[in-house]
Amino acid sequence: FISNLEIMGFNVDSFELISTIVFFCIGIFLFWQVPNFQKHTRYFKDNEVHLPPFSVIIPARNEEKRILPLLNSLKMQTIRPDEVLIIDDDSEDKTAELAFQAGFSVIRNAPLPKEGWTGKNWACWQGALQASGEIFIFLDADVRLEKDALEKLLFVHQKKGGLISVQPYHEVHKVYEQLSAFFNIILMAALNAFTPFKEKIKPSGAFGPCLVCSKEDYFSVGGHKSGSGAVLDSLPLGRAFGQNGLGVHLFGGKGALNFRMYPNGIGELVEGWSKGFGSGAFSVNPLFMLLCVAWVWGCFSVSSDLISSLITQQQSLTLSVIFYLLYAAQVHWMIRRIGSFHWLTSLFFIIPLVFFGLVMVRSVILTFVLHRVKWHGREIPIDGLR
């Protein structure tokens with residue numbers, strides 16, 4: 001193949017060509033199949049399935065601009081929860097007031113311990129201690145539910161058991177939000193749940209926005225207490241389920257759950273992705289993290305080759321364009337399944353790719369040099385990897 005390219009007039013570095021193809025194949029391997037809820041169309045019937053009482057637990061801190069769509073969607077569900085507990089995590093805005101006015105129970109979180117806990121973990125733990133349902137559904141305040149989302153979540157949990165974890169479908173509205181593309185890809189790929197061997201390889205964690213499990217299983221594995229000081233609560237919780245022989249089942253949210261991440265400007269977007277990506281990168285399966293790095297390197301490589309060929313007008317320009325477009329098509333194949341990203345984001349993927357690299361460097365510095373990140377007006381000390 002390489003000889004034929006050289007005969008055709010292309011100046012080809014065999015190692016570079018092989019690595020580019022291998023890295024492209026790694027991307028296919030990591031994102032082989034992302035199961036979602038569009039295919040789950042069976043519903044609970046009174047004479048078919050006994051539905052256990054279930055509790056929805058929502059940790060919320062300074063969420064006045066985001067929480068109402070979730071609360072409104074909860075009111076429209078085909079199956080209504082037995083209770084909804086909103087844990088007000090020391091909000092400094094009108095989060096609690098809005099939730100109460102909407103007719104929901106609001107619990108003031110107990111004071112955050114000075115050591116050993118991060119805010120969201122503590123809020124989830126407090127909610128679980130007070131919840132009465134046999135099934136727990138933890139939801140982030142920025143999630144929005146399709147009208148049958150709870151029904152689908154409960155059906156899947158009864159079918160599979162263990163921990164059900166969902167990364168909501170990412171709704172993108174503003175141009176700067178397109179910059180989140182690579183964060184979404186790596187977030188899902190690094191948990192090694194969507195490969196052709198997903199049934200044989202245990203995920204190295206779970207997604208934080210939506211978690212479903214039984215009350216019995218939750219407390220048997222230690223719940224959020226198992227990773228009390230972690231910035232990303234779902235990673236140690238997912239590991240705790242796996243280590244105790246309970247299944248961890250990961251899904252994309254298309255067809256059931258949506259959210260819009262960081263709608264309040266690029267500053268919020270940078271802060272949000274910076275808070276956990278540094279520690280998260282070293283908390284997942286090292287092999288799959290290396291595979292993600294290899295794929296990202298392939299994206300950088302084809303981009304730099306194209307730019308270099310355009311500047312120097314080398315004979316390999318055509319080949320550089322072909323490989324760049326091949327990777328662009330792959331990026332589009334990935335992000336169309338996880339969010340409403342524009343097709344131009346895929347074509348010019350070098351822009352969100354560079355942004356990803358810069359924010360990743362910032363996150364590593366905050367995590368391993370300054371040992372402190374910030375989110376929702378609260379500084380979170382980082383003493384080590386959890």
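**Exercise 1. How much space lies in the second largest cavity? Then describe its lining.**

Let's go step by step, keeping in mind that this is a predicted model.

- Step 1: Start with the volume. The second largest cavity holds about 30 Å³ of space.
- Step 2: Check the count. There are two cavities of 30 Å³ or more.
- Step 3: Find the lining in the structure. The residues around the second largest cavity are Pro59, Lys120, Cys124, Phe138, Leu139, Asp140, Gly208, Leu211, His224 and Asp233.
- Step 4: Look for the elements that contribute. Helix 5 (119-130) and strand 4 (135-139) each give at least two residues to this lining.
- Step 5: Sort the lining by class. Five residues are nonpolar, two are polar and three are charged.

**Exercise 2. Describe the second largest pocket, from its volume to its lining.**

- Step 1: Take the volume. The second largest pocket has about 580 Å³ of space.
- Step 2: Look at the lining. It is made up of 23 residues, and Lys160, Lys198, Glu199, His249 and Leu250 lie nearest the centre of the pocket.
- Step 3: Ask which element gives the largest share of the lining. Strand 9 (residues 248-252) does, with four residues.
- Step 4: Sort by class. The lining of this pocket has nine nonpolar, eight polar and six charged residues.

**Exercise 3. Is Glutamine 167 buried or exposed? Place it in its surroundings.**

- Step 1: Locate the residue. Glutamine 167 belongs to strand 6 (residues 163-167).
- Step 2: Use the cut-off. A residue is called buried when its relative accessible area is under 20%. Glutamine 167 has 4%, so it is buried.
- Step 3: Look for its contacts. Leaving aside residues up to four places away in sequence, Glutamine 167 touches Asn184, Leu187, Met188, Phe207, Pro209, Phe251, Gly252, Gly253 and Phe259.

**Exercise 4. Why can the protein be called as compact as a globular protein of its length?**

- Step 1: Survey the secondary structure. The protein has 14 helices and 12 strands.
- Step 2: Compare two values. The radius of gyration is 22 Å, close to the 21 Å that the globule rule gives for 386 residues, so the protein is as compact as a globular protein of that length.
- Step 3: The C-alpha trace spans about 70 × 50 × 35 Å along its principal axes.
- Step 4: Turn to burial and surface. Of the 386 residues, 58% are buried. The protein exposes about 17500 Å², with carbon and sulfur atoms supplying 59% of that area.
- Step 5: Finish with the contacts. Among those between residues at least 6 apart in sequence, 78% join residues at least 24 apart.

Notes
Residues are numbered from 1 along each chain as its sequence is written. This is a predicted model: local features need pLDDT of at least 70, side-chain atom pairs count only at pLDDT 80 or more; totals for chains, interfaces and linings use all residues. Side-chain values use heavy atoms; hydrogens and water are left out. Buried means under 20% relative accessible area, exposed over 50%, partly exposed in between (1.4 Å probe, protein chains only). Contact means heavy atoms within 4.5 Å. On a 1 Å grid over the protein atoms alone, a cavity is a set of points where a 1.4 Å probe fits but cannot get out, and a pocket is an open set with protein on both sides within 12 Å along at least five of seven lines; lining residues have an atom within 4 Å of a point. Grid points are joined across faces, edges and corners, and a volume is the space filled by probe spheres set on the points. Ala, Val, Leu, Ile, Met, Phe, Trp, Tyr, Cys and Pro count as nonpolar, Asp, Glu, Lys and Arg as charged, and the others, Gly among them, as polar. The radius of gyration is taken over C-alpha atoms; the globule rule is 2.2 Å times the number of residues to the power 0.38. Accessible areas come from the Shrake-Rupley method with a 1.4 Å probe; for residues, only the protein chains shown count as cover.
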